[in-house]
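Follow along with the structure beside you.

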Amino acid sequence: MNELAIYDRLENPMAAIEKMGNWLTRSGLLGADTRAETGAIVAMTCFAERISPIEFLRKYHIIDGKLSMRADAALADFNKRGGKHRVIESTGDRAAIELTKDGSTQTFSLSWVEAQAESFVWSRNRDAKGNRIPKDNWATPWKRAQMLWARVASRGVRAMDPGVNAGSYSPEEIIDMEQAPTALDIA
């Protein structure tokens, strides 16, 4: 089902959004977030984009009330819109991707060494010696590989075809924005 025509046949879309939002919230489909407002945001997005709640979960996350597009969904949409990608590297040390669209090819990369210079990697906590500690999502090589890849893929897609994610950030970027240490935390 490419488009959900059922949305077009509703007499009262706002009532339907509220009802669907309540169902989504009570179902547990949205995880630990049990706020009716979150369910309504999901329902409204489903109506606006003519997608099912399952498709919503494949494409988006809601983090601290903010809608975010998954990096893999952005890359999939990039490919659907005529782009092509090639994985160059995806490890805990470096992520690199080559993207091609409309005859233009660019490579995007981020290494663990480069990421360590950014505030989004570090928690506000320090070890017993006063050294900075990476956030949980950067703490192991496997988690770093996921974070490096998500950052590179979403940044590359945004640069090559901004219409794909149209200003929405990846979940990794939103988490990092929310948890970024202040200048006092870094000093």
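My notes below go from the whole chain down to single residues.

**Entry 1: the overall count**

I started by reminding myself that this is a predicted model. I then counted eight helices and seven strands in the chain. Of its 187 residues, 39% are buried. I also looked at contacts between residues at least 6 apart in sequence, and 48% of those join residues at least 24 apart.

**Entry 2: the core**

Which residues have the most contacts inside the largest nonpolar core? I found Leu 99 and Trp 138, in a core of 36 residues. Next I checked where the core comes from: helices H1 (13-27), H2 (36-49), H4, H5 and H6, plus strands E4 (94-101) and E5 (104-111), each supply at least two residues. H6 gives the most, with seven residues.

**Entry 3: helix H2**

I went along H2 end to end. It has 14 residues and reaches 20 Å from first C-alpha to last, close to the 20 Å expected at 1.5 Å a residue. Which of its residues are buried? My list reads Thr 38, Gly 39, Val 42, Ala 43, Thr 45, Cys 46 and Phe 47. The buried residues of H2 pack against H1, helix H3 (53-59), strand E1 (60-63) and strand E2 (66-69).

Arg 50 follows H2, and I placed it in the loop between H2 and H3. Its phi is positive, about 55°, although Arg 50 is not a glycine.

I moved on to H4 (residues 71-80), where Ala 71, Ala 73, Ala 74, Leu 75, Asp 77 and Phe 78 are buried. Just after H4, Gly 82 takes a positive phi of about 100°.

I jotted down Asp 102 as well, in the loop between E4 and E5. Its phi is near 50°, again positive in a residue other than glycine. Asp 102 is exposed, with a relative accessible area of 74%.

**Entry 4: aromatic pairs**

How many aromatic pairs does the structure hold? I noted three. One of them is Phe 56 with Tyr 60, a tilted pair at 5.2 Å centre to centre and 40° between the planes. Both partners are buried: Phe 56 sits at 2% relative accessibility, and Tyr 60 at 6%.

Phe 120 and Trp 138 make another tilted pair, 5.7 Å centre to centre with 35° between the planes. What does this pair tie together? Phe 120 lies in the loop between H5 (112-115) and strand E6 (122-126), and Trp 138 in the loop between strand E7 (132-134) and H6 (141-160), so the pair links parts that are 18 residues apart in sequence. Phe 120 is buried at 15% relative accessibility, and Trp 138 is buried at 0%. I had already met Trp 138 as one of the residues with the most contacts inside the core.

Arg 144 lies over the face of Trp 112, at 4.5 Å from the ring centre. Arg 151 lies over the face of Phe 120, at 3.7 Å from the ring centre.

Ser 123 lies in strand E6. It is buried, at 15% relative accessibility. Which backbone nitrogen does its side chain reach? I found that of Asn 125, at 3.1 Å.

Pro 134 is in strand E7, and I have it down as partly exposed, with a relative accessible area of 24%. Leaving out residues up to four places away in sequence, Pro 134 touches Val 121, Trp 122, Ser 123 and Ala 139. I also took one distance here: Pro 134 and Ser 119 are 15 residues apart in sequence, and 9.6 Å apart in space from C-alpha to C-alpha.

Key
Residues are numbered from 1 along each chain as its sequence is written. This is a predicted model: local features need pLDDT of at least 70, side-chain atom pairs count only at pLDDT 80 or more; totals for chains, interfaces and linings use all residues. Side-chain values use heavy atoms; hydrogens and water are left out. Rings of Phe, Tyr and Trp (its six-membered ring) pair if their centres lie within 6.5 Å; planes under 30 degrees apart count as stacked, over 60 as edge-to-face and the rest as tilted. Buried means under 20% relative accessible area, exposed over 50%, partly exposed in between (1.4 Å probe, protein chains only). Helices (H or I, at least four residues) and strands (E, at least two) are DSSP runs, numbered from the N terminus. A charge sits over a ring if NZ of Lys or CZ of Arg is within 6 Å of the ring centre and within 35 degrees of the ring normal. A polar contact is a pair of N or O atoms within 3.5 Å; within protein, one must be able to donate a hydrogen and the other to accept it, and residues adjacent in sequence count only if both atoms are side-chain atoms. A nonpolar core is a set of buried Ala, Val, Leu, Ile, Met, Phe, Trp, Tyr and Cys residues joined through side-chain atoms within 4.5 Å. The expected span of a helix is 1.5 Å times one less than its number of residues. Contact means heavy atoms within 4.5 Å.
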